[in-house]
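Here's a quick briefing to read with the structure open.

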Amino acid sequence: VCPALSPDYEPFSSLSCLPDVSVACRAANSSPGTMEVVQDVAEVFATLPMFPVFNACHYTLMILTTRYDTGSLALSRSNPLANWVASMIACFGGYILADLLLGHSVLSFLAHPEDVVLASAIWYLLFYCPKDLFYRIISILPFKLVITALKETARVRKLAAGIGAAAKVYPHSLLAQVIVGVAKACGNEFLLNFEQAVRGVWKPDVNAILHPSFSIKACVVGAVMIILGKSGMLLGISPEMIVLAVSLWLISVAVSMKAFHADDPFKPVENLFSPFVFGSVDSLPADAHHPPAAEPAPKPPSGGRRRGKAAKAD
């Protein structure tokens, strides 16, 4: 049975919703020895518990993102409650948004108080640790790269869990499954404006719809691959193997981007095909580059009649 949209603390239970095609995959493949080894590795990977290590890495990076934002450090001294609420929204934004899309309680993540306690402990260490020691340690590049790799692993597990939960509510809508899966994996990015508003910051021009990150784009691709594997269209590849492959892809790209400050790898493809599919700015009509001229303001009444009356009064 698929789990509810509460946090995925059980080992990869989301894939229990998907058809078991591993036996068929092994029988259909021409080199069963190699595929069996890969399948065994994927199954072991699928049973790794997310709590506490993977979840702790996720919470660390989410709260670190909040700390980097405008006015967050000052707010942690003037209003710790608002800062804590904003940090919890960043940590559990995926669960909140996915639950909202599926009609569940947005507070379902509170059913696991151990994770709220873990996230709160990390929040305290990141903002109030003496001499800022915890922040300085995790800011060391090798530590940050390891945390990033573990966090991306948790992201793909949330993606698969969101797809599995959406398949129960929308079994015939693949688009809804993609949307819920991506929302659960990247919910903190979609709720960024709300999280900033809690801290008294309003930046409507900074949101995940206007400026989707690499993580959102990669999760869309990963969601499509997982759904195709669930439907059996990727013959010879089980859902566990797909999740393992997507995880390794996200880990390698995310770590490379953080280590070498690389750009979004989707950008070259977008820049290449976007002008052909959607047109370019240069192809717009000439008047589209300039707003229409404002109409002249109406002239005030002449007031001649009024002056005449005033003269008579005199």
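Predicted model: local features only at pLDDT ≥ 70, side-chain atom pairs only at ≥ 80, totals over all residues.

**Aromatic rings**

Residues are numbered from 1 along each chain as its sequence is written, and side-chain values use heavy atoms, leaving out hydrogens and water.

- The whole structure holds 11 aromatic pairs (rings of Phe, Tyr and Trp, the last by its six-membered ring, with centres within 6.5 Å; planes under 30 degrees apart are stacked, over 60 edge-to-face, the rest tilted).
- Trp123 and Tyr128 make an edge-to-face pair, because their ring centres are 5.4 Å apart and their planes sit at 75 degrees.
- Phe127 and Tyr128 pair up too, but tilted: 6.3 Å between centres and 50 degrees between planes.
- Trp123 is buried at 9%, while Tyr128 is partly exposed at 22%.
- Tyr59, Phe92, Tyr95 and Phe109 are linked by ring pairs into a cluster.

**A charge over a ring**

- Arg67 lies over the face of Tyr135, 3.7 Å from the ring centre (the cut-offs: NZ of Lys or CZ of Arg within 6 Å of the centre and within 35 degrees of the ring normal).

Methods:
Buried < 20%, exposed > 50% of the residue type's maximum accessible area, 1.4 Å probe, protein only.
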